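Please read these notes with the sequence and the model side by side.

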Amino acid sequence: MKKQDNTVIAAKEILNILPHRYPFVLVDKITHLDLKTNQVIGQKNVTVNEAFFPGHFPGAPIMQGVLIIEAMALTGG
């Protein structure tokens, strides 16, 4: 059942499913879940001052690919 903001699974529910905790929870909510086609869409809200942005590419903040892959894995989990 979708909530008003199109959330299928909220952050508190995700914490009940996954064993991960801050700072390793890289998904905030699931907005689409289709078990028939094995499709899921998750969302992670980040800001430019997140700990993993500074220093990776000075002057050009970017989320590292390894963290993007980890976020995808957590979403799939």
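1. N38 is exposed, because its relative accessible area is 70%, where exposed means over 50%, buried under 20%, and partly exposed in between, with a 1.4 Å probe and protein chains only. N38 is placed in the loop between β1 and β2, and its phi is near 55 degrees, a positive value in a residue other than glycine. Helices (H or I, at least four residues) and strands (E, at least two) are DSSP runs, numbered from the N terminus.

2. Before going further, please keep in mind that this is a predicted model, in which local features need pLDDT of at least 70 and side-chain atom pairs count only at pLDDT 80 or more, while totals for chains, interfaces and linings use all residues. Residues are numbered from 1 along each chain as its sequence is written, and side-chain values use heavy atoms, with hydrogens and water left out.

3. Taken as a whole, the protein chain has two helices and two strands, which follow the pattern α-β-β-α along the sequence. The C-alpha trace spans about 40 × 25 × 25 Å along its principal axes, and buried residues make up 23% of the 77 residues.

4. Which side chains meet in a salt bridge? They are those of D28 and K44, at 3.6 Å from N to O, and a search of the whole structure finds one salt bridge, the term meaning a side-chain nitrogen of Lys or Arg within 4 Å of a carboxyl oxygen of Asp or Glu. The pair links distant parts of the chain, since D28 lies in the loop between α1 and β1 and K44 in the loop between β2 and α2, 16 residues apart. D28 counts as partly exposed because its relative accessibility is 22%, and K44 is likewise partly exposed, with a relative accessible area of 29%. Side chains of opposite charge can pair when their charged atoms come close.

5. P23 is also worth a look: it sits in the loop between α1 and β1, and the peptide bond from Y22 to P23 is cis, with omega near 5 degrees.

6. A71 is found in helix α2 and is buried, because its relative accessible area is 12%. A71 and L26 are 45 residues apart in sequence, yet their C-alpha atoms are 4.8 Å apart in space.

7. Several of the residues above return in the lining of the largest pocket, among them Y22, P23, L26 and K44. A pocket is, on a 1 Å grid over the protein atoms alone, an open set of points where a 1.4 Å probe fits, with protein on both sides within 12 Å along at least five of seven lines, and lining residues have an atom within 4 Å of a point. The largest pocket has a volume of about 280 Å³, a volume being the space filled by probe spheres set on the points, which are joined across faces, edges and corners.
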